[in-house]
Each structure stands twice: as structure tokens, then as C-alpha cells.
Amino acid sequence: MTNHLPEEARVIPLRPPGTRPAAARPATTAPHHGPPVAREPLWRDLVGDVLRRERLAQERTLRDVADAARISMPYLSEVERGRKEASSEVLAAAAHALGLGLGDLLSRAQGELTRVTSRHAGGSRRGASSSYDGLCLAA
């Protein structure tokens with residue numbers, strides 16, 4: 001079968017031009033109504049950021065920490081990037097490999113959450129008059 005068409009890829013669009021799926025919409029806009037709102041960060045992103053910052057501050061490799069925590073290196077990488085929702089056992093192992101307790105890790109992530117959300121809220125939280133800066137986890 002001979003074909004005299006150029007050797008270029010032919011792209012067939014699956015959706016009309018100018019439309020984007022819901023997952024591709026910017027995270028800073030509300031779906032279809034209301035003013036734009038800032039999206040709060042996910043807990044797994046905050047915890048992963050804390051783990052990565054601490055590992056880099058100690059100038060340790062991903063392999064070194066993963067081996068010390070007895071976690072696979074690809075899985076620890078996914079946790080650091082916020083792609084995996086790690087169990088408390090995995091988080092504790094990673095924290096201990098970095099010389100931290102689980103409470104230390106969670107406290108740092110909570111501080112980061114407070115910092116990030118207060119920045120999005122213009123530095124003040126509505127109805128927050130207490131100065132409580134503790135860690136509160138609910139199941």
C-alpha cells in the first residue's frame with residue numbers, strides 16, 4: 001500500500017477547540033460561578049515539602065533516607081512530591097530517618113499550612129481571635 005501523504009503525524013482533536021477538561025482548569029478559580037478563590041494546599045503536599053526541605057538541609061540523598069527508613073526510593077520520591085498519601089507508619093519512618101519524630105514532622109507541616117493559608121487570606125483568618133498554635137488532627 002503506497003501512500004503519497006507527507007510523513008507528518010495527523011492529530012485528531014477529541015474535543016472542540018477552545019474547551020478544556022475540568023481537571024485542566026486553573027486551581028485558583030471557582031467552578032463556573034463566584035469570584036476566584038485560592039485553593040488551600042493539600043496535606044500531602046505540605047508534608048512532602050517538609051520532608052524534602054529537611055533532607056536537602058541535611059545534604060542527604062533520596063537513596064540514603066529511603067534506605068534508612070526502609071522505604072523504596074521511588075515511593076519516598078512520590079511522597080516528597082505530594083503524589084502519594086503516605087500512611088502514618090511511612091511518615092514516621094521517613095521522619096525518624098531524618099532525625100525527627102512524627103510529631104515534629106506534622107508540627108512543621110501544620111506551621112507551613114498556617115503560613116500558606118494566612119498569606120492567601122491576606123494575613124488574617126476570619127473569626128480567629130485565639131492565638132492557639134497547636135496541632136489538631138481529626139480522624
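Let's start with arginine 70, which counts as exposed because its relative accessibility is 79%; exposed means over 50% relative accessible area, buried under 20%, and partly exposed in between, with a 1.4 Å probe and protein chains only. You'll find arginine 70 in the loop between H2 and helix H3 (73-80). Helices here are DSSP runs of H or I with at least four residues, numbered from the N terminus. Although arginine 70 is not a glycine, its phi is positive, about 60°.

Before we go on, a word on what you're looking at. This is a predicted model, where local features need pLDDT of at least 70 and side-chain atom pairs count only at pLDDT 80 or more, while totals for chains, interfaces and linings use all residues. Residues are numbered from 1 along each chain as its sequence is written, and side-chain values use heavy atoms, leaving out hydrogens and water.

Now, where does glutamate 59 sit? Its place is the loop between helix H1 (43-57) and helix H2 (62-69). Glutamate 59 also has a positive phi, near 55°, without being a glycine. It counts as exposed because its relative accessibility is 73%.

Stepping back into H1, we find buried residues, among them Leu46, Val50 and Glu54. H1 has 15 residues.

Finally, how confident is the predictor? pLDDT gives its confidence in each residue, from 0 to 100. The protein's mean pLDDT is 79, and 58% of its residues reach 70 or more. Over residues 123-132, pLDDT is below 50, and beyond near neighbours in sequence this stretch has 3 contacts in the model, a contact being heavy atoms within 4.5 Å.

Technical notes
Helices (H or I, at least four residues) and strands (E, at least two) are DSSP runs, numbered from the N terminus. pLDDT is the predictor's confidence in each residue, from 0 to 100. The expected span of a helix is 1.5 Å times one less than its number of residues.
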